[in-house]
Each structure stands twice: as C-alpha cells, then as structure tokens.
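This report walks through selected features of one protein model.

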Amino acid sequence: MSDQVKHECGIVLIRLLKPLNYYQKKYGSWRYGLNKLYLLMEKQHNRGQDGAGVVSLKFDQPPGKKYLSRERSNEGNPIQEVFSAIHSHFDAVYEHHPELLNDPVWAKENLPFAGELYLGHLRYGTFGNNSIDYVHPVMRENNWRSRNLVLAGNFNLTNVDEIFKTLIELGQHPKDYTDTESMLENMGHFLDEENQLLFRQFKNEGFSNKEISALIERDLDIRKVLERSSRRWDGGYVIAGLLGHGDAFVTRDPWGIRPASYYADDEMVVVASERPVIQTALNIRSVDVKELQPGHALIIKKDGRISEEMVAVPQTRKSCSFERIYFSRGSDRDIYKERKELGRLLSPIILDKIDWDLENTVFSYIPNTAETAFYGMMEGIREHLDKVKAARILALKQEEMTKEKVTEILAPEPRIEKVAIKDVKMRTFIADDNSRDDLVAHVYDVTYGIVKNRVDTLVIIDDSIVRGTTLKRSILRILDRLHPKKIIIISSAPQIRYPDCYGIDMARLKDFCAFSAAIELLKESGRGHVIDEVYRQCKEQQYLPKEEIVNYVKEIYRPFTDEQISSKIAEMLKPEDIDAEVEIVYQTVENLHKACPNDQGDWYFTGNYPTPGGNKVVNTSFINFIEGINGRAY
C-alpha cells in the first residue's frame with residue numbers, strides 16, 4: 001500500500017493461571033507474563049503506533065493496597081516508553097536490593113505490575129485526537145472491586161450518536177463524545193445493574209455487606225452484562241476487559257469483522273488480535289491457537305474457569321478482507337497462502353496486458369508488503385508459461401525434436417528484478433508540502449541498468465491503491481527514471497470505492513482515486529445529473545433510522561466498467577512530466593473471494609455493508625463530498 005492508511009488497533013490479554021512463584025521456579029522469573037506481554041505487543045506494532053498502554057491486576061490484595069496499575073504513552077515509540085516506565089520500578093529495587101527482585105511474594109506485595117492479569121493495547125487514532133486520555137486501556141473506577149471496569153478494544157462504532165443519546169436518557173452525563181467513552185459507560189451501566197441485582201438478592205438472603213461483595217464477585221454473570229451492553233453496538237469490534245476482582249473477557253462482533261485469536265493451557269490464557277504472534281511468543285503450532293467465534297465472548301473467571309459463550313446472535317460472516325490483503329502479519333499460514341493466491345489470480349490478466357512479451361518485461365513490487373502477492377503472481381506466470389512450453393514441445397515433429405530446439409523452447413523465463421529499494425532511514429517529517437513531496441520522491445532508490453530504455457515494460461505489483469497520491473507524487477516519477485516504455489501498476493486488491501467505518505481510517509469519499517475517476521467520467525460523458533440525483537436521494541434519507549437507509553452511492557459507478565474506471569485512474573495519476581505510458585490494473589472482486597473464501601467483508605469494494613450503520617456512513621460521506629464538508633462521516 002503505497003499510501004499511508006491507518007488501520008486497526010491491536011490487543012493482548014494474558015491471564016496467568018498459576019501463582020507467581022510457579023513462573024519463578026519454572027521459567028526463572030515471576031515476570032514471565034509481563035515479558036510475554038511485551039513480546040506480543042511488539043509483534044503487533046504494525047497495528048498501531050499512535051499510542052500504547054498496559055494495565056496489570058493483582059489478585060486478592062487486602063483493603064488499602066493498590067491492585068490496579070496502568071501505564072500509557074502517546075510518545076514516538078509508545079511500546080518502549082510504556083515498558084521503560086514499568087521497568088523503572090524494578091530497576092530502582094535492583095540497584096539497592098537485587099535479591100528482592102527475585103522474590104515473587106515480595107514483588108506482588110510491593111511492586112506495581114507484579115500481577116496475574118495483564119491487558120495491553122496498541123492504538124491508532126480514528127478520531128484524530130492523540131491525547132493521552134484517548135489511549136487504551138481506559139478505566140471506570142469504583143471502591144467495589146466488582147464495579148471496576150477496564151477496557152481496551154479494536155473497534156469502530158457507526159452509531160455513537162445513538163449510544164450517547166441512550167446514556168443521557170439513562171441520566172448519565174458523559175464527559176466525552178467518542179466511541180470509547182460511550183462503550184465504557186454503556187458497559188459500566190449494565191455492570192452496575194448486575195452488581196445491584198446480586199446485591200439485593202444476597203441482602204434478602206440475610207448476608208452482610210462484607211459477605212455480599214465476595215458473593216457478587218463469585219456469581220457475577222459477565223455473559224449477561226456483555227449481551228445487554230452490546231445490543232446497540234453497530235460496527236466492528238473486539239473488546240477486551242477486566243473487572244477489579246479478577247474476571248476477564250474478550251468479546252467479538254457478530255459479523256466477525258475484527259479478528260481475535262486465543263490459546264489456553266494449564267499455565268495461562270493468551271488472547272491477541274493475530275494468530276501468528278501467539279505462535280511466535282509461545283512457540284506453539286497454529287492448530288493450538290483458536291479463533292474467537294463471531295458474536296461470542298471468551299470469559300475467564302477469577303477462579304480460572306474458561307468458557308467461550310455466545311453474547312450476540314452470529315450473523316453472516318463478514319470478516320475484514322483488508323486484514324488478509326494488507327493489515328495482518330504475513331507470517332500467518334493462511335494469510336500468506338491467500339496473499340500468494342491474490343497475486344497468482346492476476347497472472348493471466350498481466351500476460352494479456354504485456355501481450356506475452358516476457359523478453360521485454362521486468363517484474364517487481366512496491367512496497368515490501370506486496371512481496372507475497374508478487375511471489376504468487378510470478379508462480380502464476382510461470383504456470384502459464386510452462387503450459388505454452390509444453391504445448392510447443394508436444395507440437396514438434398519427430399525430426400524437430402532436437403536438444404537445441406527443446407532448449408530454445410524452455411529458455412524463456414520472466415525477468416524478475418528488485419527495481420525499487422526503500423531507504424528506511426529517510427523520514428518524511430517536513431511539514432511544508434512542496435518540500436515534503438521532494439523528500440518523498442527520494443525515499444526509494446531505483447536499481448539502474450536493468451531496464452532497456454524505451455523498450456521494456458515495468459510491471460509493479462502493489463497490495464492496494466487507495467488514494468493514489470504517493471503514486472502520482474513519487475512512485476511513478478521514481479520508476480520513470482529507469483526510462484521504461486510502459487509502467488503497469490498492479491493492485492492485488494480491487495478498486496476501493498466506498499468508505500470504511502469498521503477499521504480502516506478512510507471515511508471520506510473524496511480520498512479515493514476510484515471515486516474521483518467515476519465522478520470525472522460522469523461529467524465527461526454528460527451524466528452529471530447522476531451526481532445530482534444521488535445527492536438528492538442521500539439528502540432525503542439523511543435523518544432516517546440507519547436501518548432504512550439505502551446505499552445510492554453505488555449509482556455513481558454503475559454506468560462504467562471496472563476497466564473504464566481503471567483507465568481513468570491511470571490518466572489522473574500519471575504525472576505530466578514523465579515519458580512512460582502508464583496503465584493501472586486492479587484485482588477483481590470475484591478473484592478476491594476466490595483467494596479469501598472465508599473472509600468476505602468486501603464493503604470497501606462493493607458497498608455491501610454488513611451492518612445498517614455502514615449505509616448511514618456512505619450516505620453521510622457523499623453528502624459531505626457534495627457540500628464540501630471535510631469531517632468524518634461517523
């Protein structure tokens with residue numbers, strides 16, 4: 001993805017099922033869980049670099065002793081900042097009394113973050129505010145342990161306005177208008193109700209207030225709290241949380257839009273946003289890691305009982321396909337295979353585009369995240385080439401079947417080169433647009449001397465093309481330095497046509513080159529009335545309930561083929577000062593579904609949103625486009 005697009009957050013939850021001295025004896029450190037937390041967060045740093053936070057919970061602390069510890073950072077290297085702050089407490093002890101640092105009993109009694117339950121979070125900012133107050137985990141504190149609520153999530157809600165209104169109707173006075181605050185207070189309300197219900201029940205049975213606190217902690221029904229809390233949530237989410245007395249949970253949306261995996265044995269329970277990070281951190285096989293099912297919650301009671309329970313009726317699975325194409329770590333077994341397949345499925349299209357002229361074509365990829373799709377693309381091209389070679393050999397007459405002739409037929413191979421090399425030391429920190437563009441143009445170095453001037457075609461695969469600004473401002477100019485006859489940019493993802501509201505930070509239609517191309521085509525073909533009609537239809541349903549809104553923005557694209565829109569995108573993105581011909585080829589939605597059969601959340605490409613809130617977002621986004629409003633659509 002040559003355009004920078006912020007995406008989905010990462011979560012980690014670790015519950016140690018043994019006392020701290022168990023890990024001291026077996027692994028040489030009571031910090032075993034904390035060390036695994038650091039590793040799991042570092043392995044997911046791709047999921048958010050705007051902030052990081054950690055909460056630790058100690059079990060069975062006496063009154064007056066702190067049992068919750070939290071550290072957060074929104075600095076440039078937030079994970080390192082957080083863990084440096086945590087370890088500063090340990091370093092001070094090590095300097096004067098190193099022997100105490102290896103005593104798990106003393107550590108639990110005296111040191112923060114010496115606990116049995118950890119919750120970590122990596123944040124990307126969806127609301128454009130990077131204040132420390134917006135960094136997870138967030139806390140709702142109370143003197144009753146079972147009413148303390150800590151949350152960290154990977155989520156976007158489309159209907160914050162509805163939930164906010166509900167909180168006000170309940171008599172609350174929310175301090176902020178965000179999905180995080182709304183979700184925290186929404187869940188906190190039902191947690192309070194569950195606590196109060198149990199309190200009245202045990203009070204009627206004659207127990208004292210002190211006795212009741214322990215009984216509530218024992219019998220608190222997290223499944224019921226989650227079921228009631230999530231009824232109004234419209235969006236994609238994985239929410240991890242813990243209660244002050246020791247219960248913990250992770251819950252996933254009914255469509256499975258956001259990912260979550262977990263592993264459990266007799267020593268610990270680990271939940272993370274991605275499967276391979278658990279495999280790496282714990283050195284286990286992929287079959288040992290389970291996927292948290294859509295609409296379910298993994299519930300870990302303080303006494304160690306673990307269950308996966310349904311809290312919302314699962315809907316048709318619409319897991320985010322962008323996870324497969326780009327966001328998730330490519331080391332996951334299934335994602336690696338799917339990305340290769342995305343590239344392989346493009347190979348017949350590419351061969352047609354170059355008219356099978358492999359002698360005068362150079363294949364490569366930009367950026368590094370497209371490398372796996374590139375491997376698949378080259379495998380596909382070789383497969384097609386082998387079929388042609390086999391047919392030519394079989395067509396030879398007996399007298400033509402010579403070593404020289406067969407060698408000649410077998411000789412052609414695709415030319416694979418590392419065309420562009422990113423200088424990772426370059427940082428585009430300059431704010432001035434003109435100066436920044438000049439710097440961006442030098443982020444990549446090209447490999448000179450591998451392209452025949454004005455003869456070769458360069459075929460470059462990218463994992464996706466969203467805005468196209470980086471292509472126009474730098475990549476195409478960089479590639480043109482090699483003086484190819486033609487540059488073909490291949491996107492392993494289909495055309496991104498509609499805003500996302502469940503994860504990717506792209507909610508403005510005007511940012512999408514596919515949308516801009518369709519608008520230009522409508523104007524050029526004398527169909528400007530389509531734009532006016534879509535605007536009228538969107539305005540008419542602007543204040544309807546989200547369940548009644550229809551996605552009329554699809555009409556913007558209906559008059560044109562994918563190829564027409566791709567051609568217009570290439571025309572719009574080609575800089576005026578380059579010599580090479582430019583063509584852009586996108587993956588088809590049909591091929592996307594073939595490559596990723598189990599994860600068919602394709603709303604960015606098709607406009608088929610899994611929740612009603614999605615239609616509301618695209619409706620608002622189009623109105624904002626017409627009216628020149630630059631704000632978010634949700």
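Tyr 604 has a relative accessibility of 0% and counts as buried. Trp 603 is also buried, with a relative accessible area of 0%. These values, like those below, come from a predicted model.

The rings of Trp 603 and Tyr 604 form a tilted pair, because their planes stand at 45° with the centres 4.8 Å apart. Both residues belong to one aromatic cluster, together with Phe 322, Tyr 502, Phe 605 and Tyr 609. The count for the model comes to 21 aromatic pairs. Another of them joins Phe 374 and Tyr 375, again tilted. The table sets the two pairs side by side.

| Pair | Centre to centre | Angle between planes | Class |
|---|---|---|---|
| Trp 603 and Tyr 604 | 4.8 Å | 45° | tilted |
| Phe 374 and Tyr 375 | 6.4 Å | 55° | tilted |

The accessibilities of the second pair also deserve a look. Phe 374 is buried at 4% relative accessible area. Tyr 375 is partly exposed at 36%.

Two rings carry a charge over the face. Lys 18 lies over Tyr 22, at 5.5 Å from the ring centre. Arg 31 lies over Trp 30, at 5.7 Å from the ring centre.

**Helix α14**

Phe 374 is one of the buried residues of α14. What do the buried residues of α14 pack against? Their partners are helices α12 (333–344), α13 (347–353) and α15 (403–410), plus strands β14 (361–365), β15 (415–416) and β18 (457–462). Helix α14 itself covers residues 371–394. Its 24 residues should span 34 Å at 1.5 Å a residue, and the end C-alpha atoms are 35 Å apart, which agrees.

**The open sheet**

An open sheet is built from 6 strands, in the order β5-β6-β7-β8-β12-β13. The pairing is antiparallel. Which strands stand at the edges? They are β5 (138–140) and β13 (306–310); each has a single partner strand, so one side of each lacks a neighbour in the sheet. From one strand to the next, the twist averages 20°.

Inside the sheet, β7 (residues 235–243) pairs with β8 (residues 248–252) over 5 bridges, in the antiparallel sense. Gly 241 has Phe 249 of β8 as its bridge partner.

Two helices lie across the sheet strands. Helix α9 (residues 222–229) lies across β7, β8, β12 (296–300) and β13, at about 35° to β8.

**Backbone details**

Most residues other than glycine have a negative phi, and most peptide bonds are trans. Some sites here depart from that pattern.

The bond from His 136 to Pro 137 is cis, with omega near -5°. Pro 137 sits in the loop between β4 (117–123) and β5. Ile 366 and Pro 367 are also joined by a cis peptide bond, with omega about -5°. Pro 367 is in the loop between β14 and α14.

Phe 113 is not a glycine, yet has a positive phi of about 70°. Its loop links α5 (104–110) and β4. Phe 113 is buried, with a relative accessible area of 2%. Arg 454 likewise has a positive phi, about 60°. Arg 454 lies in the loop between β17 (444–446) and β18. At 43% relative accessibility, Arg 454 is partly exposed.

Key. Residues are numbered from 1 along each chain as its sequence is written. This is a predicted model: local features need pLDDT of at least 70, side-chain atom pairs count only at pLDDT 80 or more; totals for chains, interfaces and linings use all residues. Side-chain values use heavy atoms; hydrogens and water are left out. Two strands pair if DSSP finds at least two bridges between them. Helices (H or I, at least four residues) and strands (E, at least two) are DSSP runs, numbered from the N terminus. Axes are lines fitted to C-alpha atoms, for helices over the stretch in contact, and angles run from 0 to 180 degrees between N-to-C directions. Contact means heavy atoms within 4.5 Å. The expected span of a helix is 1.5 Å times one less than its number of residues. Buried means under 20% relative accessible area, exposed over 50%, partly exposed in between (1.4 Å probe, protein chains only). Rings of Phe, Tyr and Trp (its six-membered ring) pair if their centres lie within 6.5 Å; planes under 30 degrees apart count as stacked, over 60 as edge-to-face and the rest as tilted. A charge sits over a ring if NZ of Lys or CZ of Arg is within 6 Å of the ring centre and within 35 degrees of the ring normal.
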